[in-house]
Amino acid sequence: MDVTPDSPPSRRAWLKGLALTTWAGLVAALGLGLGAALRLAGAGSGPRARPRLDLGLAAELKPGQVVSREDVAILRDAQGLYALSLVCPHLGCRPVWRAEEGRFLCPCHGSAFAPDGRRLMGPAPRGLAGLWLELDSQGHAWVDPNRGVEASRRLALG
Ligand code: FES
């Protein structure tokens, strides 16, 4: 019986293919594992701090007026200036100021909030959160969206 000349090379080729496939599988598994590990490491670090927001010249804000930017608002009453978070405590939608009604209204499920942030109605479990507010040397009102304060905190204007 004759030995076919290409039998050994074809077996060698099959083994080579198997080895390559195994290596490719190992490399893919390592890549997936590394990606998952990086995602887990990132998840533990929490949300990144947001930059402070400039809401403009505080002296130009009239009592009863609302100035908002992104998801924060500043207002002024008889005691002074204050900032509120415009993130609804129900499910996170953005309440909008309704000047004609004198209240914030959440467009998602109808929660309403007084100008001082108190909850008036709707499914929101509490009022709007107060945020840290300070003035710079030029009189600009800066709000820190990462720093909550009592909604009753006021910054007296001179
Ligand atoms: S998210 Fe505002 S009432 Fe539901």
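This is a predicted model: local features need pLDDT of at least 70, side-chain atom pairs count only at pLDDT 80 or more; totals for chains, interfaces and linings use all residues.

Me: Which residues have the most contacts inside the largest nonpolar core?

Reply: In soluble globular proteins, nonpolar side chains tend to be buried together. A nonpolar core is a set of buried Ala, Val, Leu, Ile, Met, Phe, Trp, Tyr and Cys residues joined through C-beta atoms within 7 Å. A residue is buried if 20 or more other C-beta atoms lie within 10 Å of its own, exposed if 12 or fewer, and partly exposed in between, with C-beta atoms placed from the backbone. Here the largest nonpolar core has 21 residues, and those with the most contacts inside it are Ala-73, Ile-74, Ala-83, Leu-84, Leu-133 and Val-143. At least two residues of this core come from each of strand 1, strand 3, strand 4 (80-85), strand 9 and strand 10 (140-149).

Me: In what order do the six strands of the open sheet stand?

Reply: Strands of a sheet pair through backbone hydrogen bonds, either parallel or antiparallel. Two strands pair if DSSP finds at least two bridges between them. In this open sheet the order is 1-10-9-4-3-2, with antiparallel pairing. Strand 1 (53-57) and strand 2 (66-69) stand at the edges with a single partner strand each, so one side of each has no neighbour in the sheet.

Me: Which bridges join strand 3 to strand 2, and how many does strand 3 form with strand 4?

Reply: Strand 2 and strand 3 (residues 72-77) are antiparallel and joined by four bridges; Val-66 has Leu-75 as its bridge partner in strand 3. Strand 3 and strand 4 pair in the antiparallel sense over six bridges, with Asp-77 opposite Gly-80. These two strands form a hairpin with two residues between them.

Me: How many residues of strand 4 are buried?

Reply: Five of the six residues of strand 4 are buried. Strand 4 is also joined to strand 9 by two bridges, in antiparallel fashion, and Leu-84 has Gly-130 as its bridge partner in strand 9.

Me: What does the other sheet look like?

Reply: Four strands form an open sheet in the order 5-6-7-8, again with antiparallel pairing. Strand 5 (96-98) and strand 8 are at the edges, each with a single partner strand, so one side of each is left without a neighbour in the sheet. Strand 6 (residues 103-105) and strand 7 (residues 112-113) are joined by two bridges, and Phe-104 stands opposite Phe-113.

Me: Is Pro-123 buried or partly exposed?

Reply: Pro-123 counts as partly exposed because it has 14 C-beta neighbours inside 10 Å. Pro-123 is in the loop between strand 8 (119-121) and strand 9 (130-135). Two residues are in contact if their C-beta atoms, placed from the backbone, lie within 7 Å. Leaving aside neighbours within four places in sequence, Pro-123 is in contact with His-90, His-109 and Ser-111. Pro-123 and His-90 are 33 residues apart in sequence and 6.3 Å apart in space, C-alpha to C-alpha.

Note on methods:
Residues are numbered from 1 along each chain as its sequence is written.
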